[in-house]
Amino acid sequence: MHPIEVENLHHAYGDRQALVGVTLDVPQGEIFGVLGPNGGGKTTLFKILSTLITANNGTVRLFGYDQTDKPHEVRKHLGVVFQHPSLDLKLTAVENLRHHGHLYGLWGKALNRRIQVVIDQLGLSERGADLVEALSGGLRRRVELAKAILHQPNLLLLDEPSTGLDPGIRQQFRLHLQYLREQDGTTIVLTTHILDEAEWCDRVGILDEGRLVAIGTPAALKEQVGADVVIIDASNPEALADRIKQRFGYGFTLVDRSLRVECAQGHEFARDVVAAFPQEIQSVRFGKPTLEDVFVKATGHGFSESAINENRDQA
């Protein structure tokens with residue numbers, strides 16, 4: 001039995017399908033990333049896993065409990081960090097933790113011990129008595145995480161946890177999550193549209209237009225692309241694509257008005273294509289495949305070209 005078992009999950013908002021046939025398992029102690037563009041279905045999946053909403057169709061089992069039949073049993077195992085802040089700004093960090101602990105039946109010395117443990121773990125000991133409104137965005141995010149782990153959940157769910165954080169703070173937050181997994185065996189599921197954030201997850205599921213288009217370790221997913229990826233910027237990419245195909249035999253994908261091609265020797269092709277079309281080409285970049293390249297290969301378009309409007313129904 002895995003902490004998360006999802007089978008053939010479907011969910012719609014009216015006529016619009018937010019999730020279509022999603023199936024996945026997350027084993028104990030794994031950091032699993034749900035990667036995709038805004039509006040691709042990540043938040044809908046998060047809401048279902050966190051028992052905020054019930055899926056239209058499909059099966060969701062968390063720690064063996066059916067999410068629909070026994071949501072209260074499921075919630076005992078969950079710690080949740082929402083995309084938008086859930087702290088009381090007029091209370092101190094410790095006061096926020098204390099009130100949250102009461103919701104989970106923690107009181108007295110046991111609660112005080114847990115508060116001390118989590119603020120020590122997250123480097124908040126010196127700021128525990130400060131009002132939340134006086135804390136930086138990074139420190140507030142740590143308090144959010146401290147709330148989520150206060151009752152020692154088996155499963156931690158995080159919706160876009162790095163939203164609004166600068167790269168340095170994102171790195172610290174990542175280290176905190178890895179510590180929780182290594183020290184406590186916590187299973188962690190996070191949604192993200194940040195490619196670098198997905199890179200350090202144990203496995204990644206890529207969602208686009210509500211469909212799970214790829215799943216695996218970051219390394220295994222990038223191996224599916226296989227060759228180098230060359231990106232060409234040109235004033236008229238469509239016309240140039242035809243000419244390059246006639247000259248070199250490569251087919252292209254047009255993404256964000258740039259031409260992408262997979263080839264075995266990217267540096268050689270980049271040199272040759274610039275030499276062949278010096279007037280038409282504005283710039284050329286090449287490198288090893290990234291998760292963005294995996295997304296493009298699976299969907300035929302880039303993150304910014306997702307067909308779903310991110311503002312509709314908050315999918």
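Analyst: Axes are lines fitted to C-alpha atoms over the stretch in contact, and angles run from 0 to 180 degrees between N-to-C directions. The model is a predicted one. In it, helix α9 (residues 237-248) packs against helix α10 (residues 266-276) at an angle of about 115 degrees, and their axes are 12 Å apart.

User: Why are α9 and α10 called roughly perpendicular to each other?

Analyst: The angle is about 115 degrees. Angles of 65 to 115 degrees count as roughly perpendicular, and α9 and α10 are therefore described in that way. Their crossing is right-handed.

User: Which residues of α9 and α10 meet?

Analyst: Ile244, Arg247 and Phe248 in α9 meet Phe269, Asp272, Val273 and Ala276 in α10. By class, this contact has 5 nonpolar, no polar and 2 charged residues.

User: What makes α3 oblique to α4?

Analyst: The axes of α3 (residues 93-103) and α4 cross at roughly 130 degrees and come within 10 Å. Roughly perpendicular covers 65 to 115 degrees and roughly antiparallel begins over 145, with the rest counted as oblique; α3 is therefore oblique to α4. The crossing of α3 with α4 is right-handed.

User: How do you know that α6 has close to its expected reach?

Analyst: Helix α6 (residues 167-184) has 18 residues and spans 26 Å from first C-alpha to last, close to the 26 Å expected at 1.5 Å a residue.

User: What covers the buried residues of α6?

Analyst: Phe173, His176, Leu177, Gln178, Leu180 and Arg181 are buried in α6. Their cover includes β3 (31-35), α4 (108-121), α5 (137-149), β7 (155-159) and β8 (187-192).

How values were computed
Residues numbered from 1 in each chain as written. Predicted model: local features only at pLDDT ≥ 70, side-chain atom pairs only at ≥ 80, totals over all residues. Heavy atoms only, no water. Helix = DSSP H or I, 4+ residues; strand = E, 2+ residues; numbered from the N terminus. Parallel < 35°, antiparallel > 145°, perpendicular 65-115°, else oblique. Left-handed = near helix turned anticlockwise from the far one by under 90°. Contact = heavy atoms within 4.5 Å. Nonpolar A, V, L, I, M, F, W, Y, C, P; charged D, E, K, R; others polar. Expected span 1.5 Å × (residues − 1). Buried < 20%, exposed > 50% of the residue type's maximum accessible area, 1.4 Å probe, protein only.
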